[in-house]
Amino acid sequence: MASVRCVDVRDIAVFSGTAHPELAAEICAHLEVPLHPVRVSRFANDCLEVQLQANCRERDVFLIQPLVPPVQEHLVELLLMIDAARGASAGRITVVLPHYAYARSDKKDAPRISIGGRLVADLLTSAGADRVLAMTLHSPQVHGFFSVPVDHLHALRELAEHFARYDLSNTVVVSPDLGNAKEAAAFARRLGTPVAAGAKQRFSDDRVKISAVIGDVADRDVIVLDDEIAKGSTVIELMEHLRELKVRSIRLACTHGLFSSDALRRLSEQEGVLEIVCTNTVPIPADKRVPKLEVLSVAPALAEAMRRIHNGESVSTLFA
């Protein structure tokens, strides 16, 4: 992506919570604006307090905070940041959510179950958010949970640019399930490859069953694309089927590399896996990284979207 044109530093104020300050610093470097400090303190009764340590009055305020573990801690911190900006007379408050963890709670698929995606959206807007900038929501309907404008980016451009350097003449993109098939098809069009999908049934958070792979994958190089990988149960189940179908090689790709517990190590040790590619929407500790891991930056895309929002320009071209 081309370099981001700078913005007027007098009118914009960017703050980061504690979830991923490295990404926030990289975004600000592209925007050529300072990342203002935030003081987060804790009272004796375990309650948090947040202070934005720069002037917000009538300024365009951007608050960068992915909802990553500990999710509840980072969510409350974000809500307090929004409240602090609103109390400081910010002209507009845009929440930059590189990862919206509660997007997975998007439907009532069991009796008396909560829909966290909608509830957290309500909390953010009630706290004072005027706009949301998100990256690769788990499902499209989550966009509709918000009563404020949402700019929903994806990382297909960054992922496609990475894989385009390979010989893709015998490659097929595979979605782990039919729910992600539309995104996988868009990714395959970017690469000029066919697409396939797994037929998945989920029984619990970490127990899934893939009954078949729909599409021709035999003797092909495979790129498995998912929106996020946490425990890796679905991908591991899918790879068993792919190996039975005699694929030549497997590369894994996702936007949000959560990689809980030892998922990254288990995935990298799977037979046939050449590479694991994700973006930096969430932080990946150094002690979890493996040689097969490649992390791509979405800071330029987020910075350009923030610049366009601030200048009142169209953001839709970034969705293409």
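Modeller: Gladly! Let us start with a word we need at once: a residue is called buried when its relative accessible area is under 20%, and exposed when that area is over 50%. Please keep in mind that this is a predicted model.

Colleague: Which residues of helix α1 are buried?

Modeller: Helix α1 spans residues 21-31, and its buried residues are Leu 23, Ala 24, Ile 27, Cys 28 and Leu 31.

Colleague: What puts them on the same side of α1?

Modeller: They cover an arc of only 135° around the axis, so they sit on the same side of α1. The face turned away from the buried side carries the exposed residues Glu 22 and Ala 29.

Colleague: What covers the buried residues of α1?

Modeller: The cover includes strands β1 (12-16), β2 (35-36) and β5 (60-64), together with helix α8 (299-311). Just after α1 comes Glu 32, with a positive phi of about 60°.

Colleague: What makes β2 and β8 edge strands?

Modeller: Look at the order of the open sheet first: its 6 strands run β2-β1-β5-β6-β7-β8, with parallel pairing. β2 and β8 (150-153) each pair on one side only, and that makes them the edge strands.

Colleague: How do you know that β6 and β7 pair?

Modeller: Two strands pair if there are at least two bridges between them. Strand β6 (residues 92-97) and strand β7 (residues 131-135) are joined by 4 bridges and run parallel, so they meet that cut-off. As an example, Val 96 has Leu 133 in β7 as its bridge partner. Helix α8 packs on this sheet, touching β1, β5, β6, β7 and β8, and its direction makes about 160° with that of β7. Another helix, α2 (residues 71-87), lies across β1, β5 and β6 and runs at about 165° to β6.

Colleague: Why is strand β13 described as mostly covered?

Modeller: Count its residues: β13 (residues 249-257) has 9 of its 9 residues buried.

Colleague: Which strands does β13 pair with, and over how many bridges?

Modeller: Strand β12 (residues 221-229) pairs with β13 in the parallel sense over 8 bridges, and strand β14 (residues 273-279) pairs with β13, also in the parallel sense, over 4 bridges. From β13 the chain crosses to β14 through helix α7 (residues 263-268), in a right-handed β-α-β crossover.

Colleague: Why is Val 247 called buried?

Modeller: The relative accessibility of Val 247 is 15%. The cut-off for buried is under 20%, so Val 247 counts as buried. You will find Val 247 in the loop between α6 and β13.

Colleague: What does Val 247 touch, leaving out residues up to four places away in sequence?

Modeller: Val 247 touches Val 217, Asp 219, Arg 220, Val 222 and Leu 242. Asp 227, by contrast, is 20 residues from Val 247 in sequence and 22 Å away in space, C-alpha to C-alpha.

Terms used:
Residues numbered from 1 in each chain as written. Predicted model: local features only at pLDDT ≥ 70, side-chain atom pairs only at ≥ 80, totals over all residues. Heavy atoms only, no water. Buried < 20%, exposed > 50% of the residue type's maximum accessible area, 1.4 Å probe, protein only. Helix = DSSP H or I, 4+ residues; strand = E, 2+ residues; numbered from the N terminus. Arc of directions from axis to C-beta. Contact = heavy atoms within 4.5 Å. Axes fitted to C-alpha atoms, helices over the stretch in contact; angles between N-to-C directions. Right-handed = clockwise from strand over helix to strand, strands pointing away.
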